[in-house]
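User: I'd like to learn how to read aromatic pairs in a model like this one. Could you walk me through it?

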Amino acid sequence: MRILYHILYPSGLGDDRFTYEGYKEAFEDSGHEVFPLKEKMDFQTMLTSLAPDIFIEEGGLLMQDMSTKIEVLRNFRRRGGRVVLHGAISSKLSIVVAREDIVDVYFSETDPTIEFEDFPIELFRKMHWLAASRRIHGGAKPIPR
């Protein structure tokens, strides 16, 4: 599988970098290819030219020029692509995501209903934990729940 992962600053010091690296490693361990979508890259061009099976969005991309990106994602999904939205979702974005039905899977490490009172409950039917890095998380003991 080919995965396009939106990360603005893959060399930054924020937790998004370490999340990206962990998921990238986990996907590559499973035989998939992962490509970053960085700050200066064109979203529509990358989705079209790379033709990934999955597009993973960290939350920031959709907040800019949202109406155009929603149509691009709809076209991507019509061609068989899947859209995954990972954490850091704002209340405004979660409402758009639910209304426009542009995301196939939403995953997070935290419960968004705690952060946002108006989080659309219908998104819970799409929530999952997706992957973890053996190198980073390999020694951790699983939590029963």
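Analyst: Gladly! Keep in mind that this is a predicted model. Searching the whole structure turns up two aromatic pairs.

User: How are the planes of Tyr-5 and Tyr-20 arranged, and how far apart are the ring centres?

Analyst: The general idea is to check the centres, then the angle: planes over 60 degrees apart count as edge-to-face. Here the centres of Tyr-5 and Tyr-20 are 5.0 Å apart and the planes meet at 65°, so this pair is edge-to-face. Because Tyr-5 sits in strand β1 and Tyr-20 in helix α1, the contact ties together parts 15 residues apart in sequence.

User: Are these two tyrosines buried or exposed?

Analyst: The cut-off for buried is under 20% relative accessible area. Tyr-5 has 1%, so Tyr-5 is buried; Tyr-20, at 6%, is buried too.

User: And what about the rings of Phe-43 and Phe-55?

Analyst: Their centres lie 5.3 Å apart with planes at 55°, so that pair is tilted. Phe-43 belongs to helix α2 (residues 43-50) and Phe-55 to strand β3, 12 residues apart, so distant parts of the chain are linked. Phe-43 is buried at 6% relative accessible area, and Phe-55 is buried at 0%.

User: Which strands does β1 pair with?

Analyst: Strand β1 (residues 2-6) runs parallel to β2 (residues 33-37), joined by five bridges, and Tyr-5 has Pro-36 as its bridge partner there. β1 also pairs in parallel with β3 (residues 54-57) over three bridges, where Ile-3 stands opposite Ile-54.

Key
Residues are numbered from 1 along each chain as its sequence is written. This is a predicted model: local features need pLDDT of at least 70, side-chain atom pairs count only at pLDDT 80 or more; totals for chains, interfaces and linings use all residues. Side-chain values use heavy atoms; hydrogens and water are left out. Two strands pair if DSSP finds at least two bridges between them. Helices (H or I, at least four residues) and strands (E, at least two) are DSSP runs, numbered from the N terminus. Rings of Phe, Tyr and Trp (its six-membered ring) pair if their centres lie within 6.5 Å; planes under 30 degrees apart count as stacked, over 60 as edge-to-face and the rest as tilted. Buried means under 20% relative accessible area, exposed over 50%, partly exposed in between (1.4 Å probe, protein chains only).
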